[in-house]
Amino acid sequence: MIQIPRGTQDILPKDSYKWQFIEERLNEIAKNYNYKEIRTPAFESTELFVRGVGGSTDIVNKEMYTFQDKGDRSLTLKPEGTAPVVRSYIENKMQHDVVQPTKVYYMAPMFRYERKQKGRYRQFVQFGIEAIGVEDPLIDVEVISMLMHIYKSFGLKDLKLYINSIGDQHSRAAYNEALVNHFKPSIDEFCSDCQTRIDTNPMRILDCKKDRDHELIKTAPRMYDYLNEESKQYFEEVKANLDAIGIGYEVDYNLVRGLDYYTHTAFEVMSDAEGFGAITTLCGGGRYNGLLEMLDGPHETGIGFALSIERLLLALEAENIEIPEPEGIDLYICTLDAQATEKASHLIHTLRTKGISCDIDYKRRKLKAQMKDADRKGAAYTIVLGEEELSTGNVELKHMETGESKTVQLDELETLLEEK
C-alpha cells in the first residue's frame with residue numbers, strides 16, 4: 001500500500017473545519033491591518049534561498065528540497081516565505097506602486113527536510129506578513145502588535161513575547177568579532193555545526209539547539225552592548241511604543257533568529273502552556289534592511305513575521321481552546337421510492353443554487369436510516385418525499401431540534417427556508 005510521505009499529514013474532513021476557521025480569521029485580521037494577499041510559486045530558483053536566506057543557515061545546508069528540472073535548472077520548494085516575496089517585490093518593481101509601504105501577507109505550504117517533531121512537519125503551512133519600503137520603529141510595533149492580536153483573538157493566554165535588537169551591519173560586525181574572541185578558544189567543545197559557524201556566522205552559535213546549555217553561551221557578550229547609538233535609539237523607540245500600547249515583552253539578548261538577513265528588531269513568541277512540548281517557539285520575525293540589496297533590488301527596508309498554523313493548533317490544544325464546529329446542512333430530504341429520489345435530486349439542485357445547503361440519501365436506505373443520516377449531518381430541517389407528497393405537493397417540514405412540523409407546499413419550500 002502506498003503511504004503518505006514521512007513528515008507530512010492528511011487534513012481529514014473531521015479536522016479541516018479547524019483550518020478553515022483559522023484561515024478565515026487570519027484573512028480578516030490581515031484586512032483590518034490593510035495587508036493585501038500575495039501568492040508566489042511553490043518552487044523558486046535555488047539561488048534565491050542561498051543568497052536570501054544565507055548559505056550558512058541550516059535551512060540552506062540541511063533542509064531544502066532541491067531538484068534539477070528538465071532544463072537543468074536548480075529549483076527548490078520554498079522553505080520560507082520572505083525571500084520569495086522580496087523577489088516578487090523586486091521583479092515587479094513594487095517600490096513604484098502608488099500605495100506605500102507595500103504591506104502584503106501570504107498563506108501557503110512550505111517545505112523543509114527536518115526530523116519530524118510534535119507540531120512540525122516537512123510540509124507545513126505558514127501565514128506571514130511583510131511590510132516593505134519604510135524604516136520606522138512604529139511599523140515594527142505594528143507588525144508585532146498584529147502578531148499578538150492574532151494569537152489573542154483565538155483566546156491564547158499563555159504567551160511570552162521576546163524581543164532583541166541585532167543592530168545594523170556595523171553593530172553586527174563588531175558583535176561578531178566579540179563572539180569569535182569569546183568562543184574561539186573553546187570551540188572544540190561545541191558541535192560540528194558551531195565549529196563551522198564560528199567562521200561563517202558566529203551569531204548563530206547563540207541559536208544552537210545542541211549547545212544551548214553550554215556555559216560559554218550563558219556568559220556570551222550581549223548584542224546590546226555592541227549596538228551603535230543609532231541602533232540603540234531605534235530599539236528604545238520600539239520598546240517605548242510597545243509599552244505605550246500595553247504589549248508586554250521580555251528582552252532576550254541571545255535572540256538572534258536563524259536567518260542571515262535580519263537586522264535591528266528581532267522577536268519570537270513562545271507558548272508557556274503546560275503540555276505544549278519541549279520546543280515552545282510559536283513563531284518569529286524581524287527586520288531585514290539589507291535583504292533587498294542582497295537580491296539586487298532597490299535600497300528599501302522591510303520587516304515581517306511568519307507563523308505555523310500547525311503550531312497554532314498545537315497551542316490551542318494545549319490551552320484547551322476548541323474551535324467551533326460548523327453548523328450542519330439546512331435541509332435533508334428523505335425519500336420513500338425511486339420516483340421521489342429522482343424528484344429530490346432535482347429539488348436539491350435548485351435549492352443549492354439559491355444558497356440553501358441540503359442533501360439526500362443516494363444509498364436509498366429505509367426511512368429510519370435516512371433520518372439517522374440527517375441527524376449525523378446536522379440537518380436543521382427534514383422533509384419526507386413519497387408517492388402521496390408528490391401527488392398533493394404538500395410536505396411536512398420538520399425542525400430537527402424541536403421536533404415541530406409544519407405542512408408546506410413544495411413550491412413554498414425555498415422561500416420558507418430562506419426566511420428561516
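Is Asp373 buried or exposed? Asp373 is buried, at a relative accessible area of 7%. Buried here means under 20% relative accessible area, exposed means over 50%, and partly exposed is in between, with a 1.4 Å probe and protein chains only.

Before going on, the conventions. This is a predicted model, in which local features need pLDDT of at least 70 and side-chain atom pairs count only at pLDDT 80 or more, while totals for chains, interfaces and linings use all residues. Residues are numbered from 1 along each chain as its sequence is written, and side-chain values use heavy atoms, with hydrogens and water left out.

Back to Asp373. Asp373 forms a salt bridge with Arg365, and the closest N and O atoms are 3.5 Å apart. The criterion for a salt bridge is a side-chain nitrogen of Lys or Arg within 4 Å of a carboxyl oxygen of Asp or Glu. Arg365 is partly exposed, with a relative accessible area of 31%. Both residues belong to a network of salt bridges that also links Arg352, Asp359, Asp361, Arg376 and Lys377.

How many salt bridges are there in the whole structure? The search finds 22. Side chains of opposite charge can pair when their charged atoms come close. Two further pairs deserve a look.

In one of them, Arg87 pairs with Glu44, with 2.7 Å between the closest N and O atoms. Arg87 sits in helix H4 (residues 82-91) and Glu44 in strand E2 (residues 43-45), so this pair links distant parts of the chain, 43 residues apart. Glu44 is buried, at 7% relative accessible area. Helices (H or I, at least four residues) and strands (E, at least two) are DSSP runs, numbered from the N terminus.

In the other, Asp193 pairs with Lys62 at 2.3 Å between the closest N and O atoms. Asp193 lies in helix H7 (residues 192-200) and Lys62 in helix H3 (residues 58-63), so the pair ties together parts that are 131 residues apart in sequence. Asp193 is buried, with a relative accessible area of 18%, whereas Lys62 is partly exposed at 43%.

Next, the sheet. In what order do the strands of the open sheet run? The order of its 8 strands is E1-E5-E6-E11-E10-E9-E7-E8, with mixed pairing. Two strands count as paired if DSSP finds at least two bridges between them. Strand E1 (36-37) and E8 are the edge strands, each pairing on one side only.

Strand E6 is mostly covered, with 9 of its 10 residues buried. E6 pairs with E5 in the antiparallel sense over 10 bridges, and Pro109 stands opposite Val125 in E6. E6 also pairs with E11, again antiparallel, over 7 bridges, and there Gly128 stands opposite Ala306 in E11. Strand E10 (residues 281-287) and strand E11 (residues 302-308) are antiparallel too, over 5 bridges, with Gly285 opposite Phe305.

H4 lies across strand E5 (102-111) and E6, at about 45° to E6. Helix H9 (residues 229-244) lies across strand E7 (159-165), E8, E9 and E10, at about 160° to E7. Those angles run from 0 to 180 degrees between N-to-C directions, with axes as lines fitted to C-alpha atoms, for helices over the stretch in contact.

Which residues touch the most other members of the largest nonpolar core? They are Tyr35, Phe127, Tyr151 and Phe183, in a core of 71 residues. Helix H5 (residues 137-153) gives the most to this core, with 9 residues. A second, separate core has 24 residues, including Phe49, Met64, Ala108 and Met110. A nonpolar core is a set of buried Ala, Val, Leu, Ile, Met, Phe, Trp, Tyr and Cys residues joined through side-chain atoms within 4.5 Å.

Last, the annotation. The unreviewed UniProt entry has a "binding site" annotation that covers, among others, Glu80, Gly81, Arg112, Gln126 and Tyr262. UniProt positions are in the numbering used here, feature names are shortened, and annotations may be inferred rather than shown by experiment. Gln126 is found in strand E6 (residues 123-132) and is buried, at 9% relative accessible area. Its contacts, meaning heavy atoms within 4.5 Å, include Glu80, Gly81 and Arg112. Tyr262 is in the loop between strand E8 (250-251) and strand E9 (263-271), and counts as buried at 5% relative accessibility.

Definitions and conventions. Lists of a residue's contacts leave out its neighbours within four places in sequence.
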